[in-house]
Amino acid sequence: MPPCESCRGQQVANLGLTGQHTNGLHPNSRSLGFRPMSTLSATVCLNCGRTTFYADDLAKIREAAQRHPDWFTW
Ligand SMILES: [Zn+2]
């Protein structure tokens, strides 16, 4: 793992979030009843706690952004 961008501390990856089926990533304009496009994985700095999220299914988000550019802020 590369060091933390804030404090250069040691980071650990491969953490998940609870409640992923309802709390994954989705466009804000389509949040009600819309199944999340992707779950999230997190990287956490063991020194300062800085947490970085990564989309697990980036391909789905890229596809949605191409098909529905109006759903997003660019
Ligand atoms: Zn840090």
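Mentor: Let us begin with burial. A residue is buried if 20 or more other C-beta atoms lie within 10 Å of its own, exposed if 12 or fewer, and partly exposed in between, with C-beta atoms placed from the backbone. Buried residues account for 3% of the 74 residues in this protein. The model is a predicted one, in which local features need pLDDT of at least 70 and side-chain atom pairs count only at pLDDT 80 or more, whereas totals for chains, interfaces and linings use all residues. Numbering starts from 1 along each chain as its sequence is written.

Trainee: How many helices and strands are there in the protein?

Mentor: Helices (H or I, at least four residues) and strands (E, at least two) are DSSP runs, numbered from the N terminus. The protein has 2 helices and 3 strands, and along the sequence they follow the pattern β-α-β-β-α. The radius of gyration is 15 Å, well over the 11 Å that the globule rule gives for 74 residues, so the protein is more spread out than a compact globule. That radius is taken over C-alpha atoms, and the globule rule is 2.2 Å times the number of residues to the power 0.38. The C-alpha trace spans about 40 × 25 × 15 Å along its principal axes.

Trainee: In what order do the strands of the sheet stand?

Mentor: In general, strands of a sheet pair through backbone hydrogen bonds, either parallel or antiparallel. Two strands count as paired if DSSP finds at least two bridges between them. Here the open sheet of 3 strands has the order β1-β2-β3, with antiparallel pairing. Its edge strands are β1 and β3, each of which pairs on one side only. From one strand to the next, the twist averages 25°; the axes are lines fitted to C-alpha atoms, for helices over the stretch in contact, and angles run from 0 to 180 degrees between N-to-C directions.

Trainee: Is β1 well covered or hardly covered?

Mentor: Strand β1 is hardly covered, as the count of buried residues among its 6 residues is 0.

Trainee: Where should I look for a positive phi?

Mentor: Most residues other than glycine have a negative phi, and most peptide bonds are trans. In the hairpin of β2 and β3, which has 5 residues between the strands, Gly49 has a positive phi near 90°. Two residues that are not glycine deserve attention as well. Asn14, found in strand β1, has a positive phi of about 75°. Arg8, in the segment before β1, has a positive phi near 65°. Asn14 counts as exposed because 9 other C-beta atoms lie within 10 Å; for Arg8, also exposed, the number is 12.

Trainee: How many residues apart in sequence are Glu5 and Arg50?

Mentor: Glu5 and Arg50 are 45 residues apart in sequence, and their C-alpha atoms are 8.7 Å apart in space. Glu5 lies in the segment before β1 and counts as exposed, because it has 11 C-beta neighbours inside 10 Å. Contacts give a wider view: two residues are in contact if their C-beta atoms, placed from the backbone, lie within 7 Å. Among contacts between residues at least 6 apart in sequence, 46% join residues at least 24 apart.

Trainee: With which residues is Phe72 in contact?

Mentor: Leaving aside its neighbours within four places in sequence, Phe72 is in contact with Pro27 and Ala65. Phe72 lies in the segment after α2 (58-67). Its C-alpha atom is separated by 8.0 Å from that of Ser29, 43 residues away along the chain. Phe72 is exposed, because 12 other C-beta atoms lie within 10 Å.
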